[in-house]
Amino acid sequence: GATVQIYGRLGAFEEARNPGNFDAREYYAKQGIYGFCNLEEVRSMEKERVNILEEGSYWLQERLYLFRQSWKELLLINMSENNGPILSAMLLAEKSEMDPDLKELYQKNGISHILAISGLHVSFIGLGIYECLRRKLHLSYGISGGVSIAVLGVYVLMIGGSVSVVRAFIMLLLRIGAEVTGRVYDMPTALALSAAISVAYNPYYMTDAGFYMSYGAIVGIVVLLPRVKKMWRERSMSSKKG
């Protein structure tokens, strides 16, 4: 949370020289990073060349970071050498402790997506909390929805919101909000509003493949699911008549 001024040689990320190549400048711009400074160069500077312009800290983010680190240490200590880093990646989006060879093995077998926290994780957690409070403890719609959204919002903030996670969070917020207010949840409307909010927050999402894959998957469900249900009903009816 502090504003720090350093002196060094600023470098810019490379742009893609040919269409389809990796564009480092665009990739880091999506994360709000527009330049870099050599680490060894910063370390070698005198203290007076690193100035703290403004003291400050983000209290919630700092506490969540410490909680995330302590949770990661518990997983690494209590689970095996291989399972600890895997669970840390699946629960906390923390892949720094994973063995590079193991990570490459997941990638080669096409199952590296199970290591990422997706919209399915977020929906499962949010709806799980909401249904437990509503159905099991018989709390009101407002209390159940407020608690589930608050817990889920803190979790999303802790793990760092990817495109799919933010999409799922906004859509789940609208779904629970519709139930709390007695309205009908409309998935296409929720999907469109989620996309609009995401792009308004970070226009670089329009160039992100993950954005199109995440929203494209839900569009596929919205478009194909009614047709599949209709085909299934027609097939069931024809089999009964036969």
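Visitor: Which describes Pro203, buried or exposed?

Guide: This is a predicted model, in which local features need pLDDT of at least 70 and side-chain atom pairs count only at pLDDT 80 or more, whereas totals for chains, interfaces and linings use all residues. Residues are numbered from 1 along each chain as its sequence is written, and side-chain values use heavy atoms, with hydrogens and water left out. Pro203 sits in the loop between α9 and α10 (209–241), where helices (H or I, at least four residues) and strands (E, at least two) are DSSP runs numbered from the N terminus. Buried means under 20% relative accessible area, exposed over 50% and partly exposed in between, with a 1.4 Å probe and protein chains only, so Pro203, at 54%, is exposed.

Visitor: Why is Ser198 classed as buried?

Guide: Ser198 belongs to helix α9 (residues 187–201). Leaving aside neighbours within four places in sequence, Ser198 is in contact (heavy atoms within 4.5 Å) with Val166, Ile170, Tyr205, Phe211 and Tyr215. Ser198 is classed as buried because its relative accessible area is 3%.

Visitor: How are α6 and α7 oriented relative to each other?

Guide: The axes of α6 (residues 119–136) and α7 (residues 141–159) come within 9 Å and cross at roughly 150 degrees, axes being lines fitted to C-alpha atoms, for helices over the stretch in contact, with angles running from 0 to 180 degrees between N-to-C directions. Angles under 35 degrees count as roughly parallel, over 145 as roughly antiparallel, 65 to 115 as roughly perpendicular and the rest as oblique. The two helices, α6 and α7, are therefore roughly antiparallel.

Visitor: What handedness does the crossing of α3 and α4 have?

Guide: Helix α3 (residues 59–78) packs against helix α4 (residues 83–92) at an angle of about 150 degrees, with axes 8 Å apart. The contact joins Arg68, Trp71, Lys72, Leu75 and Leu76 of α3 to Gly84, Pro85, Leu87, Ser88, Leu91 and Leu92 of α4. A crossing is left-handed if the near helix is turned anticlockwise from the far one by less than a right angle, and right-handed if clockwise. The crossing of α3 and α4 is right-handed.

Visitor: How many disulfides does the structure hold?

Guide: A disulfide is a covalent bond between the sulfur atoms of two cysteines. Cys37 is partly exposed, with a relative accessible area of 25%, and Cys132 is partly exposed at 45%. With a disulfide taken as a pair of cysteine sulfur atoms within 2.5 Å, the number of disulfides in the structure is zero.
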